[in-house]
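User: Please walk me through a few local features of this model. Keep it brisk.

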Amino acid sequence: MKNKTILLITLLYGVFIYGQDVVCGTIFNETFDVDGAIASHWEEYNTSGRVTVEGGRLKFNHNIEMPSAFRNFSPTSSNSTFSFDVSATRASVNCQVHLVSSSGKYLSSVALGIGTANIKHATSMEDGVPSGFVASDPAVGFPSNKNFTISTKIDFASKKVDFYSNGELMTADVPFLEDAEDISKIDIQLLFMYNNNGQFYFDNISLFDGEENRLLLISNVAAAESLLSSASIGTIYNQYTQSAVDDFQLAVDNANLVAANCDAASSVIDTAILELQTAQDIFATTRVNDPVLKMYNGYGFSGAEHDIYCGYYNGGLGEYEDWAVSFKLEQGYMATFAQDINGLGFSKVYIAQDHALEINLPDDLQGTISFIRVSPWYPVGKKGSLGDVKWTSQDNYNSTWYYNWGLGMTNQSSDAQFVPMAWSKGDNYTSIESMKTVGENMTRNHIMAFNEPDNSGQSNLTVEQALEAYPKLLASGLRIGAPGVENIQYSTTKDFFNDGAWIQEFMDSCVTRGYRVDFIPAHDYVRRSKASFIERFKALHDRYNLPIWVTEYNYGNPNMGSANLTVEKGYANIKGLTEALEETDFIERYNWYYFFGANSGIGGVTGGELNITGEFYRDLESPAPSYIQEEYRQVTLGVHEFDENNNILIYPNPATTTFINVDYEQLSLSNDMVIKIFDSSGKELIKRKGAVRQIDISGLSSGLYLLEIISENFNETKKIVIK
């Protein structure tokens, strides 16, 4: 559907707000309100029936043919502004929009997505067609599924044009391509789309003339409306108060009144421009950015205090480097601390989802912090979407987060949380510079590492290659996921991992090397019972005590030899697996891989429409938050002493074996006894119920830990050392 909140530079506001039939200087204005065949005053050529109106937009549907269409109108030689809204389903494309005179001469041409997926303009003619396309400096990209308003300001006196994207000047004073005396035609040619498959959408195509200051006012109003429409209202970081929004909206409304008054004097327009700019400057200062993290250089929040705002602090902390001992973090925020720059050395993520945090830092971080990242925390549901947040042009996934196997967003207009992925070990995914860029984006909480490293057709990495590249991802400061393996290689019948299981070798090495891993993604496409399906992921969780993300799953995979099913059979099994994931507490997130064809019986779309499985996944409610608030034990091992009584004996201690033994001397045991092991940051790593006498510690690295035993009438804590 059309986004009527983002108005173009040229359309304006009399039509939208005041119900006028004609905006000052309107030559034509196309809004494509009726779906179906192309409007009668447009003419399609090169193809037939591939240029239509769908969802209130002019749609160019590409295949091996090149759909094109033009529109003639009464010639005008007045200084004018031509504008249109545009988006495409792919980034690697070439769609050219030409302005042509009544004598067939070209004034200007814009190419969308050409070459390196940028917006470019023609600089010359070659064999009678626009050529020599160049990007602005800096270049403006043209990612898929993002709406742009492209405008061309035409000056017949100088025979030059200025190009704008979303109200921002891209390039000024570009000479007409030919000596054109007027404008009488717009010509749109869709010349290329990657894989000969995809769509371009145009809306709000218009042309009008006007004086310079009126055009500037209209442009400024459009930019202000766009800012207002995207402003988040609230009291946390990057939001605006309701009163500030109301004040700015009043200023925009006043400017709209002047813009809609075709008889307004030039001095009145100039005053409106100045008042709107002043209101926008004031509005910018109301954006919330209060300090949300308080650092203290003493234990127990004592000593000097230092305020930290949301941001990415990679070194450069000045006198506050190697300073903090304890901190307080407001509810609704996430903070990452690391010993060294680029997030290296010992690091820890703290999330204040359910309540504010007051933490004495673990020994490894006390007085050693050189890296801090603080951002809002965005709670989401378990259910995610893959590649985008749309099934078809009409249906969305009803999900609150998504990923697309890359570092950049697919759908920048979506409210769904985006999770970047460093797909492989290449520098374009894992460079420190890329990770800094990811970390500086305050709308991110998570990053995933390496897609199916155990699959030769995907990232195809040895464990050693992955371990070499993985630490660079820490420079993002985000909550980080292990590589998402295709096969967990865990046998539910024998209850152990297979020898050489990729994920076990990787995770065990991370434990040994001290690399932070915050969650473990994994895939599963084998046709299994619900119990067996969940049990494999439970093995990962139990071994490393980390939440699991099932980032790809389905009931089989036709590409791996799975026989086709009826849609009803596929639905029954996918429904069962999905409901099991939603109900399992250690599963933090999941994504159904719904891209298989209609004949497979396990895809989400049949004949371009959602089938019963797709409708089930869309309609399944997956309430936030999926993250379970971690509780942090408030003990610093290097500071406090523990009761060294003999009620409980732990041996060997220090431990050099894969097990430790627990001997309960002179204790009456109870069924409600619980044993927990915490690391030095206070994170619970192991939990066992009952009077357990032997505990597997093979998944723990060398270091100092707490072992706590709790029962109805007894509580004792011991230090244990693992060598």
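**Burial, contacts and strand pairing**

Analyst: This is a predicted model, where local features need pLDDT of at least 70, side-chain atom pairs count only at pLDDT 80 or more, and totals for chains, interfaces and linings use all residues. Residues are numbered from 1 along each chain as its sequence is written, and side-chain values use heavy atoms, leaving out hydrogens and water.

User: Is histidine 121 buried or exposed?

Analyst: Buried means under 20% relative accessible area, exposed over 50%, partly exposed in between (1.4 Å probe, protein chains only). Histidine 121 has 7% relative accessibility, so histidine 121 counts as buried.

User: What is the bridge partner of tyrosine 333 in S24?

Analyst: Strand S23 covers residues 333-338, and six bridges join S23 to S24. In S24, tyrosine 333 is partnered by alanine 352.

User: Which elements do the buried residues of H7 pack against?

Analyst: In helix H7 (residues 432-440), the buried residues are Ser434, Met435, Val438 and Gly439. On the other side of H7, Glu433 and Thr437 are exposed. With contact meaning heavy atoms within 4.5 Å, the buried residues of H7 pack against S21, S26 (371-376), H6 (427-430) and S31 (446-451).

Methods: Pairing = 2+ DSSP bridges. Helix = DSSP H or I, 4+ residues; strand = E, 2+ residues; numbered from the N terminus.
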